[in-house]
Amino acid sequence: MMFFLLMSLVIVAIPYAIERYGLRVRFGLFALLFWLFAFQFVLIFTIDALLQNFADSMPGWLESMLTTIGGFAFVTIGITPIITLVLAAAYLLFALGQWLFDKDEKDRPTRQTPFTIAIDGPAASGKGTLARRIADAYGYHHLDTGLTYRAVAKALMDQNMPLDDEFLAEKAARNVDLSKLDRAVLSAHDIGEGASKVAVMPAVRRALVAAQQGFATRPPGAVLDGRDIGTVVCPDAPVKLYITASPEARAKRRFDEIQANGGGAKYEEILEDLMRRDARDMGRTDSPLKPASDAHLLDTTEMDIETAFLNAKTLIDQALARNTRSNSKQ
Ligand code: C5P
């Protein structure tokens with residue numbers, strides 16, 4: 001029994017220790033060796049028990065066959081741990097060689113990260129228009145992440161489902177298709193209200209953030225706008241902008257937009273609505289709306305979109321130049 005325990009230790013503990021300390025070992029191979037060893041062990045004991053108890057009553061040919069098999073297993077059982085030790089030593093040597101010779105190679109980042117621009121801000125701050133303008137100018141992909149929350153709300157509303165059921169909302173979030181976000185349909189006022197309700201649910205955020213992070217890696221670059229892009233979705237983005245404007249200026253913009261589209265709305269109601277939405281977005285516990293610590297603030301209360309774009313462009317060009325310099329050094 002001691003022998004069995006000792007050998008098991010060799011076969012299981014050594015590969016485990018190697019794997020544990022970061023050297024990639026084919027653990028399955030060692031598991032196979034272990035099972036082979038265990039099988040041989042059981043075989044020897046079974047044959048030994050059979051021979052001791054039933055040797056007199058069994059035919060001679062069976063007795064000699066069992067003796068041969070038992071003998072063979074007895075010899076090879078010692079080989080299994082030796083194979084394990086040899087393999088483990090080979091793995092260690094190989095890993096040591098890799099560590100010594102590829103050290104410089106490993107320290108160097110090999111994959112050039114796609115360029116991501118993170119834009120956050122409250123409703124009607126102008127972040128969406130700015131994000132589209134930047135994406136057009138630089139030939140980058142653009143995602144208005146607000147549409148993803150709106151799509152979840154719409155999916156629930158279409159099926160008359162409650163907006164406060166996290167299980168159903170998460171399911172809807174997992175089904176959101178980023179290539180099928182229809183701005184014209186999703187920009188309806190009640191969908192926006194619903195979006196800010198489903199957006200407080202951590203499970204919904206987790207599902208949508210994962211999809212948004214996938215989008216952010218699209219080459220050559222991506223511009224994402226929303227409420228938590230610089231803080232949660234793309235915390236490593238080389239450019240982060242936080243766009244603000246006074247609630248009154250934002251409400252006026254919404255009001256003019258609705259009127260231009262032939263709709264009717266009261267300015268006071270829009271203002272009230274925006275402030276309620278701001279409070280919900282800034283006050284939630286999961287990913288509240290706030291500027292990332294390294295975000296550049298742009299107040300568009302008195303600023304037109306072109307001026308905002310030129311401000312953003314200066315920051316983006318500087319970050320791109322830094323990126324090119326650090327890539328060419330590698
Ligand atoms: O930007 P938009 O008004 O379309 O967003 C709708 C709602 O989706 C917001 O009020 C906010 O609650 C939520 N949202 C969010 N995180 C984002 C984008 C939007 O919580 N990144």
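In which loop is A124 found? In this predicted model, A124 lies in the loop that runs between strand 1 (115-120) and helix 6 (127-138). The residue is not a glycine, yet its phi is positive, near 60 degrees.

Confidence across the protein averages a pLDDT of 87, and 88% of the residues score at least 70. Where pLDDT is low, predicted coordinates should not be read in detail.

Helix 7 (residues 145-158) packs against helix 10 (residues 189-198) at an angle of about 100 degrees, and the two axes are 8 Å apart. Because angles of 65 to 115 degrees count as roughly perpendicular, helix 7 is roughly perpendicular to helix 10. On the side of helix 7, the contact is made by G146, Y149, R150, V152, A153, K154 and M157. Their partners in helix 10 are I191, G192, G194, A195 and V198. By class, the residues of this contact comprise seven nonpolar, three polar and two charged. In general, an α-helix has 3.6 residues a turn, so residues three or four places apart point the same way.

The shell around the ligand draws at least two residues from each of helix 7, helix 10 and helix 14 (267-283). The largest share, four residues, is supplied by helix 7. Of the 14 residues around the ligand, those that come nearest are G146, Y149, S196, A199 and G226. In composition, the shell has five charged and five polar residues, together with four nonpolar ones.

A cis peptide bond, with omega of about 0 degrees, joins P219 and P220. P220 is placed in the loop between helix 11 (202-216) and strand 3 (221-226). Helix 13 (residues 247-260) has 14 residues, and the distance from its first C-alpha to its last is 20 Å. This span is close to the 20 Å expected at 1.5 Å a residue. Just after helix 13, G262 takes a positive phi of about 80 degrees.

Terms used: Residues are numbered from 1 along each chain as its sequence is written. This is a predicted model: local features need pLDDT of at least 70, side-chain atom pairs count only at pLDDT 80 or more; totals for chains, interfaces and linings use all residues. Axes are lines fitted to C-alpha atoms, for helices over the stretch in contact, and angles run from 0 to 180 degrees between N-to-C directions. Angles under 35 degrees count as roughly parallel, over 145 as roughly antiparallel, 65 to 115 as roughly perpendicular and the rest as oblique. Two residues are in contact if their C-beta atoms, placed from the backbone, lie within 7 Å. Ala, Val, Leu, Ile, Met, Phe, Trp, Tyr, Cys and Pro count as nonpolar, Asp, Glu, Lys and Arg as charged, and the others, Gly among them, as polar. A residue is near a molecule or strand if its C-beta atom, placed from the backbone, lies within 6 Å of it. pLDDT is the predictor's confidence in each residue, from 0 to 100. The expected span of a helix is 1.5 Å times one less than its number of residues.
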